[in-house]
Amino acid sequence: MVIQTARRPGPADPRSWPGRIRDFVDGITKKSPSRFAILIFAGLILIFTLLFSLPIARAGEGSGTPLYDALFTAVSVICVTGLATVDMATHWSPFGNALVFIGVNIGGIGVLTLATTLGLVISRRLGLRAKLIAASDTNPSRVHGGPVSERQAVRLGEVGSLLATVAISALVIEVTVAIAMIPSMLSAGYDGLQSIWYSFYYSAMAFTNTGFSPNPGGLDPFEHDYWFQTLLMIGVFLGSLGFPVIFALARLWRQPRKWSVHVKLTLATTLILFVAGAIMFLLLEYNNPKTYGQLDAGSTIYQSFFMSMMTRSGGFATIDMHDLNGSSLLVSDMLMFIGGGSASTAGGIKVTTLAVLFLAAFAEARGAPGMEAFGRRIPADILRLAVSVVLWGATIVAVASIALLQITKQPFDYVLFDVISAFATCGLTTGLTADLPPEGVYVMAATMFMGRVGTVTLAAALAASQRRQLYKRPEERPIVG
């Protein structure tokens, strides 16, 4: 009897490389899912930087785009920010515009959801660890260290359905909004092909909360087209809700009682901020001749709501931001810093983070032993996570603002506005970003990257690093406040 031994493939055997790649990916995801997500995003930014720097990506004949402009554009596209150091409507060729369109849709999927999808493709399996990665991005109320709750925003067994919902919802929403935009494009004087291309471009920018415009003049041709502006708001609103909310609404839209606390908190906080922001802009800008002072009452109210929606992360504007009063700039800073829903195309610290902080404050004021919302108790570790995210965001904004103030010597309110817009991946600007020197461009690019990737991966890293402790140290209370 001849015993055959299995031959281990050597280094020269090409059949060994796919397995090695899968083993390498599995090792990274098991050891540090957050690090894997950062590597995926950084790799995408590197690839798009190289593509944007090619001469074929730039309109006209000549050399390619400078490295710092290509890098900034790549970060802004992948992080779905909307800030630009070049004229997005005239600088890029059809190839460059196609890169922008593809990049924002890739970036809009989300850091950890994207990482999970790529890990699934490479390793050909979706294990428990990979499901936890996806759940961390799509379920902010879940902490890895604790038990799996039956009322999560998205249960672990539904991650596969969630990933399908991400792709399907993005496609359906963008196509529907784009088709509805075509009449406005035709009315603005664009031909058939331009109308279709511009409609799909604007639809993608609205749903991904990016804010780029493909046509010279931006929204100027649609200044009085409220149908078009309403479609932009709808796209931005749906994109800022987050895929877990869309997932829940698609399944249980007739049964709101079965919605999770995350869904209810997201919807309630989003609507409150939307109305409150509109009221503040109405009160602060109704007599400003540079913004709403020349409009009638109905137009002023509408534009106040439009501004409230876009400062949450949309990035589109019908007015120049540097014409706003200082008080309105501060309100915009606050709305941008908050951002949209978790696991959404919006940025910021997220509305659920703000809601948890307020619930903790109310519980403390009432002397309640814990936080409660919609008949459910919220664990204390969620509060620690929320505080960490806010402090991380405030630190990024402070450091970047100090650096840009030193580099540009520009007024503080303009610098702070553009820095928060970069951190919150909003895309609105006072005009400061377009005039930055190369060193300022790199600072803003780093701010966008940390704003988009940092808060999510920080939350995932903190949640994953929780460990059980079999003892407790003596308690002592410091003086606070």
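The protein chain folds into 17 helices and 2 strands, where helices (H or I, at least four residues) and strands (E, at least two) are DSSP runs numbered from the N terminus. This is a predicted model, in which local features need pLDDT of at least 70 and side-chain atom pairs count only at pLDDT 80 or more, while totals for chains, interfaces and linings use all residues. Residues are numbered from 1 along each chain as its sequence is written, and side-chain values use heavy atoms, with hydrogens and water left out.

Of the 481 residues in the chain, 52% count as buried; buried means under 20% relative accessible area, exposed over 50%, and partly exposed in between (1.4 Å probe, protein chains only). As for contacts (heavy atoms within 4.5 Å), 71% of those between residues at least 6 apart in sequence join residues at least 24 apart.

Now to the inside. A nonpolar core here is a set of buried Ala, Val, Leu, Ile, Met, Phe, Trp, Tyr and Cys residues joined through side-chain atoms within 4.5 Å. The largest one has 88 residues, and F52, V100, Y202, L232 and F316 have the most contacts inside it. In soluble globular proteins, nonpolar side chains tend to be buried together.

The structure holds 0 disulfides (pairs of cysteine sulfur atoms within 2.5 Å).

S313 sits in helix α12 (residues 297-314) and has a phi near 155°, a positive value in a residue other than glycine. S313 is buried, with a relative accessible area of 0%. K350, in the loop between α13 (326-338) and α14 (351-366), is not a glycine either, yet has a positive phi of about 85°. At 9% relative accessibility, K350 counts as buried.

Together with L54 and F95, I56 forms a nonpolar patch on the surface, with about 250 Å² of accessible area in total.

Key. Patches are made of residues with over 30% relative accessible area and no salt bridge: like charges are joined within 9 Å, nonpolar side chains (Val, Leu, Ile, Met, Phe, Trp, Tyr) within 5 Å. Accessible areas come from the Shrake-Rupley method with a 1.4 Å probe; for residues, only the protein chains shown count as cover. A salt bridge is a side-chain nitrogen of Lys or Arg within 4 Å of a carboxyl oxygen of Asp or Glu.
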